[in-house]
Every structure is written in structure tokens, then in C-alpha cells.
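Reader: I would like to know what stands behind the words used for this model. Please set each value against its definition.

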Amino acid sequence: MKTAFQKDEALVADIACARAEGRTRLWWLGQSGFLVSSPQGTILIDPYLSDSLTRKYTATDKPHTRITERVIAPERLTGIDVITSSHNHTDHLDADTLGPLFAANPHAKLVIPRANRALVLERLGNVADRLVELDAGESLTVSGMKIHGIPAAHNTVERDAQGCCRFLGFVVRVAGKTIYHSGDTLLHDGLVAAIAPFRPDVALVPINGNQPERRVAGNLNGQEAAWLSHTVRAGIAIPHHFDLFEFNTASPDLFEVECRRLGQHFRTLRNGEGLDL
């Protein structure tokens, strides 16, 4: 199993140091999970910090064998103002992660796609007072952070009976920085047009690709992720959705090669590694 860049006490200390010094800093927590701490507030984007999927799929024909060790137990992350869940797949909406996070952060709000409210309550229990609902094309402010909904295709732009998107990306404006988090998505008509006006300082993009033989919904591959970041004029592109499960991962090499070809600034983080913004 791969060793995290830093974990547990070292990660907690790094977060505390950034807060004490008033820096805006981002950490990759594995899979699609990122923590952004700033003087304005702290947002935790799509965290998965348990082994619930590994346990669920043990002794099945689709084992979720972990590649990289967990960076931190969710209950150790405190001072969180906002948490997001871009869609209902467990690596983005995990009761074993969110339950301890809610207990450790009693005032934190959970931003979700409006279309997913019923399933979120079914999975997480009596958390209605925590929920903040958003749809594609909408904006809202939570704990001083402005969040915009971006339509995502996983594998299609799926909508409920009221026309609300079940899969979202997010653009987050915090401490003067604009961060695009893709959620899980493929390229689709309207994606570039939805992101480009924000001209994100940071684009957090998946690179594990779309392979039907995996029997899970797909994502951008590395080349597509680099192209999208470049096309929306992102200041820096950071890949995610790799190095967690053996059956559903990819090397960042293709992403890095394409970024260099396009002249797109990028940084590939290790699990638990941070970056000042």
C-alpha cells in the first residue's frame, strides 16, 4: 500500500500552522476529497475518509482494494464550516465519513444537489438542518463562501422530475480565490460555458477515465482533464480520482504530458499533501 505524503498528527499540524499564519491552503485528502482552509473559512469538498466501500465489496467480483493509506480519521478534522457532496455515490456521500465529521463540527453545513435531498436524508439520517441545496446555474453563500453549481455528466447530465441535476461540480469563491471542483464528470455540451466565466484560479479535475469494463460511471481521462483546465483558463490544474481503488484508477502521466504540451500550469499532489494558494 502506498504511504501518504503526510497523515494524522502531521496533517493536523500542517492545517493548524496554515490557520495560525492566515494562509489559504489546499490539501488533497484522497480520491476526490480536498480541504481548503483560509482566513475567511474552511470548506471540505467531497470527502471520503473511511473504508466503507472496501468492506461493502469484500468477497464480491468488484473488490474495492485500497491503494493508498487513509490520511486522517474524519473526526480529527475540526473547524470545518462547509462540506460538499457533489452526488450520491458513496465515495462522495459516505455516512461513515460524514457522521463523524458532523459530530466534530456541529455547525458545519452540507451543500448537496437539490435533486438528491431524499437520498441524502435516507443515507445520513436526521440531518435536514445541515443541508443547503443547490442546482446547476444557481449560486449561494454559506459561511461567507460563495458556491456556484456546475452541471456534471456521470455519465450523462441526469435530472430529476423537476429538472434539477443529480450530478454537480462546484465553483467556490473563498478568500479571493476561485476554485472549480469537477465532482465526477465527462465532457458534455455546456460544461466549458458553465465554468469559463469564473476563470478559476484552481481546477480540481478527475483523471481516471471512462472504461465500461469497470462497471462504474466514468470520468475525464488525463488528456481531457488537461484540455478542460486549459480551455477554461485555470491558473493551476490539480488531478484527482486516482490512487484509491485498484480497479478504478489511472496514472497521472497522461495528464502531466498534456498539461506540458498545452502550457497549462499543474501540480500533482500526493495524498495528504498541501499547496498554498
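Author: Buried means under 20% relative accessible area, exposed means over 50%, and partly exposed lies in between. The model is predicted. By that cut-off, 57% of the 277 residues of the protein chain count as buried.

Reader: Why is Ala59 called exposed?

Author: The relative accessibility of Ala59 is 79%. Exposed means over 50%, so Ala59 counts as exposed. Ala59 sits in the loop between α2 (52-56) and β4 (82-84), and its phi is near 65°, a positive value in a residue other than glycine.

Reader: What makes Ala175 partly exposed?

Author: Ala175 has 32% relative accessibility. Buried is under 20% and exposed is over 50%; Ala175 therefore counts as partly exposed. Its loop runs between β9 and β10 (177-181). Ala175 is not a glycine, yet its phi is positive, about 50°.

Reader: How do you know that the peptide bond between His154 and Asn155 is cis?

Author: Omega of the bond joining His154 and Asn155 is about 0°. Asn155 belongs to the loop between β8 (145-151) and β9 (168-174).

Definitions and conventions:
Residues are numbered from 1 along each chain as its sequence is written. This is a predicted model: local features need pLDDT of at least 70, side-chain atom pairs count only at pLDDT 80 or more; totals for chains, interfaces and linings use all residues. Side-chain values use heavy atoms; hydrogens and water are left out. Helices (H or I, at least four residues) and strands (E, at least two) are DSSP runs, numbered from the N terminus. Buried means under 20% relative accessible area, exposed over 50%, partly exposed in between (1.4 Å probe, protein chains only).
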